[in-house]
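Good morning, and thank you for the time. I shall take you through one assembly, chain by chain and contact by contact.

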Amino acid sequence: MTILVNEVRRGFYMDSVALMRISRSVGAMPGVKGAALMIGSVTNKALMRDAGLLGATGEDAGPNDLVLAVRAESEEAATTALSSAAGLLDKPPSVGQGASEWLPKTLDTAVQQLPGANLVLISVPGEFATAEARRALRRGLNVLMFSDNVPLADEVALKQEAQQRGLLMMGPDCGTAIIGGTPLAFANEVPRGSIGLVGASGTGLQEVSTLIGRSGAGVSHAIGVGGRDLKEAVGGITTLMAIDALDRDPGTEQIVIISKPPAPSVAKRVLQRVGESRKPVTVCFLGVDDMALPANAVLVSDLRSAAERALGGGRLPWSDRPTVAALAATVGAGRQRIAGLFCGGTLCGEAQLMLRRAGLAVSSNAPVTGVATPKEAPGAHRLLDLGDDEYTVGRPHPMIDPSLRDDMVRAAFTDPEVGVVLVDVVIGYGAHDDPATDLVAVLPAAAERGAVVIASVCGTDQDRQGYARQVGILRDAGVVVAPSNAHAAELAAELAGALAAAGGSSR
Amino acid sequence: MTDIASRIEAANREAHRRMLGADPVLVDVMLARDAIPNLPPRTVLHAGPPISWERMCGPMRSAVAGALVFEGWASDLAEAETVAASGGVRFEPNHHYDGVGPMTGITTPGVAVLVVENRAFGNRAFCTVNEGMGNVMRFGGNDQEVRDRLAWIAGVFGPAVGAALRRRGGVPLKGLIARGLTMGDEMHMRNAACTGLILRELAADLAEVAPADLGRMLRFISGNDMFFLNIAMAMAKAVAAPAHGIPYATVVTTMARNGTDFGIRLSSTGDAWFTGPAQMARGLLFAGFTEADGNPDIGDSCITETVGLGGCAMAASPAVVGFVGAGALSDAIGYTRSMSEITVGPNPEWTMPTMAMAGVPTAIDVRKVLSTGILPVINTAITNRQPGRGQIGAGIVNPPLECFQQALMRFAEVHGAL
Amino acid sequence: MEVDKLLNTEVRVINVGLRAFAQDLESRKSPVVHVDWSPPPASSVKFGSLLDRLGV
């Protein structure tokens, strides 16, 4: 059985496309065999007649009237459909979704939208990053490639192409840069000044630039080069270009170079280039404290020393440093080991250097020269780089989401051997909104800890998380906050030494 | 940039420059046999890429049969089918003769064609006169009513409009279309504003050259919102043609469909067509019709998209986007923006008020289509699979990807880039 | 040298990838346009090296 129902609204007009949309949704209702909402023009009525939708009521409609027609399996279905159609007719037009801003999908349209664009920041998955970088270089744009897992051959090809074009190819795996005061990727708000930085390490650049900034000086540019730039295969292409550029830059009065120990041939080339500069240069090849340098260069082996050197040579002070004895008194019996839990890879490396220098046995999942892996030295002090691939597969880097560290921090306090928990807190762009609060939340009550927590905060007061605010939150929770990562590691080493001596154990 | 890449960039800029530099003027209405140079005898021009009688869809076969009777090459429709099937006429795409035609696009020597001259480049392009809605040849209509109307257009309407145009030295179209864009037309699915504008341009001259038939002629134009479509198509063909034949250009200079295949041609690969199966349009259907009633995509009208109108200019015409979505202005703008991802650049003379007077994205680059996976968006009428029943809805359709893949491969072969 | 221009003019960034990097720059009013990047379509993967040579 089929029921045909017509309804006419006199003197009603609506755009035919809108009517078709309503017809379609009404036609799709259960039990409805056909539906049409049409203005009653002669042609429209003919169409409806052919479709078996026009009854006597509808025939009566004129060109200024709207016909609502439904053919349905039952009276009930027809009535429901008609009232639904009426409801849709009377509904105010929706503003429409997707009224949000439009984003370009390709580099070419982005360039049209941002005339004068001069840098492309690439953080797509590594397998796609090379193609994007090549597009950027071919369009005369500098590149900062945050992406990692890019084949070494691609890196070499991209850097050679950039070099030919006189463009800067920062990265792959470049986490940090500050160009003319603009922080890019994981970087901090640092006052502008005359110190130019070149770094193969992201957190290394962050630590040095913020130490400079918090000391009242400033940075002209901090150029990241990517973790592999100083490997033999890449040959330091970007490092050399960056030194060239900073050497020419009138706003840069001195240069600081930060890297893991480079390949010897690359180190030679870099130092040769350093020697051609008239500007004073501080060279920090982390952990290297003996190397022949040109006359205008000074060698330092850790990040703090690099900052100190750039700031004029004085030691960075720590006026309220607690005494080791006072700290040792709060540590539970038998607890002697340092558990270092780091978000910043280079900060972890620097801490290893400090412990090694203090004569302690150190292990790490990201060991610097002379340091064992935890497997090799299970009883040694253990400093973990939680940004390492083994921890970050399928989850965000701990700088973005420090909760990765939460369970390990909790576990450190339940480990009866751990007497010192050493951590870094990295703030700035890209980093978590309030990492100090996040850390404090997982600490046991101060009286029940049985271990000392020593931290440093990498950032400035101009960062949105606020250096002073983060330090305050940590101190309020009984955390010892050192003025630098190196200071923190040094204190941890001293304390561990004291605990070992008191416990009569020799590690 | 590699040598070939920079040559392509330069060639594409030239193709874009030629499209933008066009000066299309509607100059005349003539019989096809007089207007179209070198049209061979007993030739039926059709929409889209080349196709044999055997592979033609129903509406196109039906229109062919009607055209054969109209031309007197067959005495009735049954005989016409026999003639067509036995090689008694020659089939060729409109595009091979600087022509275009909507839907079936059937053009024979005795029908009237609009003549658009591109005065910047000296070339001409042709398109039949829009017959109105319903039972018309472009939808496969072929009965006496259809043939009588064609005869009236060829014998009365065409000559009068031709005389009116010649009398006033033609109607320049670039500015008229620019105005249409600001009045809600995108010149493919919506031509209401430009139809009004051209009527206004022609009315006085028509009254003076053909007072006797004036009423019917004015009603013929004003009763059909799509009257201007065919003018826009001839205009677009006249604009696109000079951009064809530029070595190294990866710009698409033809897009057309015959109801069976979709075909494109590239500026730098000569006469070669790159084809794939014509798709079904997505959109809204008139009351009483279902998807199954629709014919696959057909017609040369996507020449409008080839020069930055139609789907490329969707933002100018929010009314049209209602056929495929909620009809929000932002949706319309989204279509236009996505077309800017695959085109060489905007046309600063054809601007859209809804996008702060940004120019319509113009000159589709086959490289960009393939690298982004964004296919050109074509606004289109959906025709009834049953011949002569007319339009059953409207929507959007994309060319099949394989057209662009073939085009790129041929480009690479021709330019030694493999 | 292009590098020198970069160091001596305002940095104007096109961000391809993590949206947060663009938002960080927006928050400090540095000029940035974020690209709504998606992995290349199958059509491009198939023709990847050719398209690369042809400059897209």
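Let me begin with a definition: helices are DSSP runs of H or I with at least four residues, and they are numbered from the N terminus. With that convention, the helix labelled α14 in chain B is followed by G416(B), whose phi is positive, near 60 degrees. Please keep in mind throughout that this is a predicted model.

I stay with that helix for a moment. Helix α14 of chain B runs over residues 401–414, which makes 14 residues. From its first C-alpha to its last it reaches 20 Å, close to the 20 Å expected at 1.5 Å a residue. Which residues of α14(B) are buried? They are C403(B), F404(B), Q406(B), A407(B), L408(B) and F411(B).

Next, chain B as a whole. Chain B has 14 helices and 16 strands. Its radius of gyration is 20 Å, close to the 22 Å that the globule rule gives for 418 residues, so chain B is as compact as a globular protein of that length. The C-alpha trace of chain B spans about 60 × 50 × 45 Å along its principal axes. Of its 418 residues, 62% count as buried. If we take the contacts in chain B with a separation of 6 or more, 73% of them are accounted for by residues 24 or more positions apart.

Within chain B there is an open sheet of 5 strands, in the order β4-β6-β5-β1-β7, and its pairing is mixed. The edge strands of this sheet are β4 (99–100) and β7 (171–172) of chain B, each pairing on one side only.

I turn now to chain A. It is divided into domain 1 (3–90), domain 2 (107–310) and domain 3 (324–503). The centres of domain 1 and domain 3 of chain A, taken over C-alpha atoms, are separated by 72 Å.

How many residues of chain B are in contact with chain A? The count is 20 residues of chain B, in contact with 25 residues of chain A. Helix α12 (residues 329–340) of chain B gives the most to that side of chain B, with 7 residues. By class, the side of chain B that touches chain A has 10 nonpolar, 7 polar and 3 charged residues.

Finally, chain C against chain A. Here 31 residues of chain C are in contact with 41 residues of chain A. The elements giving two or more residues to this side of chain C are α1 (2–8), β1 (13–16), α2 (19–27) and β2 (32–35) of chain C. Of these, α1(C) gives the most, with 6 residues. The residues on this side of chain C divide into 17 nonpolar, 6 polar and 8 charged. The two chains also share strand pairing: strand β4 (residues 119–122) of chain A and β1(C) pair in the parallel sense over 4 bridges. Within that pairing, L121(A) stands opposite N15(C) in β1(C).

Thank you; I am glad to take questions.

Terms used
Residues are numbered from 1 along each chain as its sequence is written. Chains are lettered from A and ligands numbered from 1 in the order in which they are written. This is a predicted model: local features need pLDDT of at least 70, side-chain atom pairs count only at pLDDT 80 or more; totals for chains, interfaces and linings use all residues. Two residues are in contact if their C-beta atoms, placed from the backbone, lie within 7 Å. Ala, Val, Leu, Ile, Met, Phe, Trp, Tyr, Cys and Pro count as nonpolar, Asp, Glu, Lys and Arg as charged, and the others, Gly among them, as polar. Two strands pair if DSSP finds at least two bridges between them. The radius of gyration is taken over C-alpha atoms; the globule rule is 2.2 Å times the number of residues to the power 0.38. A residue is buried if 20 or more other C-beta atoms lie within 10 Å of its own, exposed if 12 or fewer, and partly exposed in between; C-beta atoms are placed from the backbone. Domain bounds come from an automatic or database domain assignment. The expected span of a helix is 1.5 Å times one less than its number of residues.
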